[in-house]
Amino acid sequence: MAEPKTKYDRQLRIWGEQGQTALEKASICLLNCGPTGSETLKNLVLGGVGSITVVDGSKIEVGDLGNNFMVDESCVGQSKAKCVCAFLQELNDAVKAKFIEEYPEALIETNPSFFSQFTLVVATQLVEDSMIKLDRICREANVMLVFARSYGLTGLVRISLKEHTIIESKPDHFLDDLRLNNPWPELKRFAETIDLDVSDPVVHKHIPYVVILVKMALEWANNHGGSLPSTREEKKEFKDLLKAKKTAPDEDNYKEAIEASFKVFAPRGISSDLRQIIDDKSAEVDINSLDFWVMVAALKEFIKNEGGGEAPLEGSIPDMTSSTECYVNLQNIYLAKAEADFLAIEQRVRNILKKIGKDPNSISKAIIKSFCKNARKLRICRYRLIEDEFNSPLLSELQKYITDEDYSVAVGFYILLRAVDRFAANYNSFPGQFDGAMDEDISRLKTTAVGLLGDLGCNGLTLTEDLISEMCRYGAAELHAVAAFIGGIASQEVIKLITRQFIPMCGTFIFNGIDHKSQLLLL
């Protein structure tokens, strides 16, 4: 067997050792292993999750061979859970795979405690009634839940859990932490030792842009009552001052300084997102608080005290034009400040743990260090109970989506995916599932959808005839292409949740295969 380090080499570059370890410890339960479920699980098995449990009570029929790569002709008539489980096991022998031949709906009704053994449940192709019940069960047991469903050319993915906290949110674009607008004493002192008007041209073009900007910003603040450039005119004037300092056209360090001057104009202190987190009521901690919130409480104290209104420094600097000596000195100043900030926060974390009656060493140095490094990028996702969303969606949002032509198809599918479940509850089959009753099904589905919109408080709003007919045309089929796409989205969200890295989707994801659009509805 391949050594795990080489086996998972590519993905380790994305989520690192910690992320991989979290995956290898995770146990995942899949409800229904049709194409949507099989495709989701395939991606997770290849990624190396610890264990999977496949729950499905159905037998394989000839029709299943056309849309699921995890079954073949020899499987017809056998348990679907058993065959899919065997196929998945072949993909990665490091994963513990087992199956349960049982209909998920029956487990949800008769054995709710079954779900508490898992890290996360992926529930595919469930109807509304079962979704609501399972959501309650998983919330109580503190188990993460991801719903996925494919239906003709549409599909849905929805995460549900009380609260998800993320330290490593890994945003695509984020301003580096240089503090050019608010330098600390050591950085100021270092800048003061460097003369911008030095006569040696080689030295002049190797002054790092960080030093140029710190010096120029301090000079500006001294001449402007302590404030930095804020209006367009002032920003232009500041850049002109930088240009005037150039002594030769090929000075890259001054070009870099002009390009990075916006970092001087950024407001001092912490972002409104971070302010919201440190002011969250969960940051008032007690013995039951999660480690994340204990560290947030320490961060709040730090910002008020040692930080002087700022979060701890990250401590890394980007590449820049500079002499080696100057760059290394600068790097050491940033590292020393980051280390001092970390030690201050670590001390506060230990003190808080002691105060709330926990072991002061229960949070490791490595975790606190990662928390400090990512302090400006912390994220929290909270999800409404699916029952609350279904019974009382945010009406203003719902009406806005229905009347916005960019969103009308996505929200139309969202309403119709719920309407087909009502339809099935009333008529014991999905619209268009059986030949011959198409026209009748279209008018029944329309009535059902209008009734549903009325119940949600959207009286007088209707969906287009085309979309209703299209939904009936699907006949509840799971198309492999759509299932593979929905499975891809769902498994990506599962990995975000388990590794606690990147930011998971916050609303209900709707795939619209007619226009090839993916949209998030926040209801």
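This report describes the overall build of one predicted protein chain and then a selection of its residues.

## Basis of the model

The model is predicted, so local features need pLDDT of at least 70 and side-chain atom pairs count only at pLDDT 80 or more, while totals for chains, interfaces and linings use all residues. Residues are numbered from 1 along each chain as its sequence is written, and side-chain values use heavy atoms, with hydrogens and water left out.

## Overall build

The chain contains 22 helices and ten strands; these are DSSP runs numbered from the N terminus, with helices (H or I) of at least four residues and strands (E) of at least two. Along the principal axes, the C-alpha atoms fill a box of roughly 90 × 50 × 45 Å.

Of the 523 residues in the chain, 51% are buried. Buried means under 20% relative accessible area, exposed means over 50%, and partly exposed lies in between, for a 1.4 Å probe and protein chains only. The chain exposes about 24400 Å², and carbon and sulfur atoms supply 51% of that area. Accessible areas come from the Shrake-Rupley method with a 1.4 Å probe, and for residues only the protein chains shown count as cover.

Among the contacts in the chain with a separation of 6 or more, 70% are made by residues 24 or more positions apart; a contact means heavy atoms within 4.5 Å.

There are 60 positive and 75 negative side chains, and the centres of the two sets lie 6 Å apart. Lys and Arg count as positive and Asp and Glu as negative, whereas His and the chain ends are not counted. The place of a charge is taken as NZ of Lys, CZ of Arg, CG of Asp or CD of Glu.

## Nonpolar cores

In soluble globular proteins, nonpolar side chains tend to be buried together. A nonpolar core is here a set of buried Ala, Val, Leu, Ile, Met, Phe, Trp, Tyr and Cys residues joined through side-chain atoms within 4.5 Å. The largest such core has 54 residues, of which L31, F115, V121, L134, L416, L445 and M471 touch the most other members. Helix α19 (residues 408-427) provides the largest share of this core, eleven residues. Beyond its neighbours within four places in sequence, M471 is in contact with Y151, T154, F413, L416, L417, V420, P431 and L445. Another core, of 44 residues, lies apart from the largest one and includes L23, V157, A490 and F509.

## Polar side chains and their partners

A polar contact is a pair of N or O atoms within 3.5 Å; within protein, one must be able to donate a hydrogen and the other to accept it, and residues adjacent in sequence count only if both atoms are side-chain atoms.

| Side chain | Partner | Distance |
|---|---|---|
| E163 | side chain of W293 | 2.9 Å |

Q11 belongs to helix α2 (residues 9-25) and counts as buried because its relative accessibility is 15%. Leaving out residues up to four places away in sequence, Q11 touches G16, Q20, L46 and G47.

N253 is placed in helix α11 (residues 252-259) and is buried, with a relative accessible area of 0%. Outside four places in sequence, the residues that N253 touches are H204, K205, H206, I207, Y209, I212 and T321.

E163 is part of strand β7 (residues 163-166). This residue counts as partly exposed, at 22% relative accessibility. Apart from residues up to four places away in sequence, E163 touches S282, L290, W293, I380, C381 and R382. The C-alpha atoms of E163 and I333 are separated by 37 Å, and the two residues are 170 apart along the chain.

## Loop residues

Most residues other than glycine have a negative phi. N142, which is not a glycine, has a positive phi of about 60°. N142 sits in the loop between α6 (128-141) and β5 (144-151) and is exposed, with a relative accessible area of 65%. R500, also a residue other than glycine, has a positive phi near 55°. R500 lies in the loop between α22 (480-499) and β9 (508-512) and counts as partly exposed at 39% relative accessibility.

S392 is found in the loop between α17 (386-391) and α18 (395-403) and is partly exposed, with a relative accessible area of 41%. From C-alpha to C-alpha, S392 and Q492 are 28 Å apart in space, and they are 100 residues apart in sequence.
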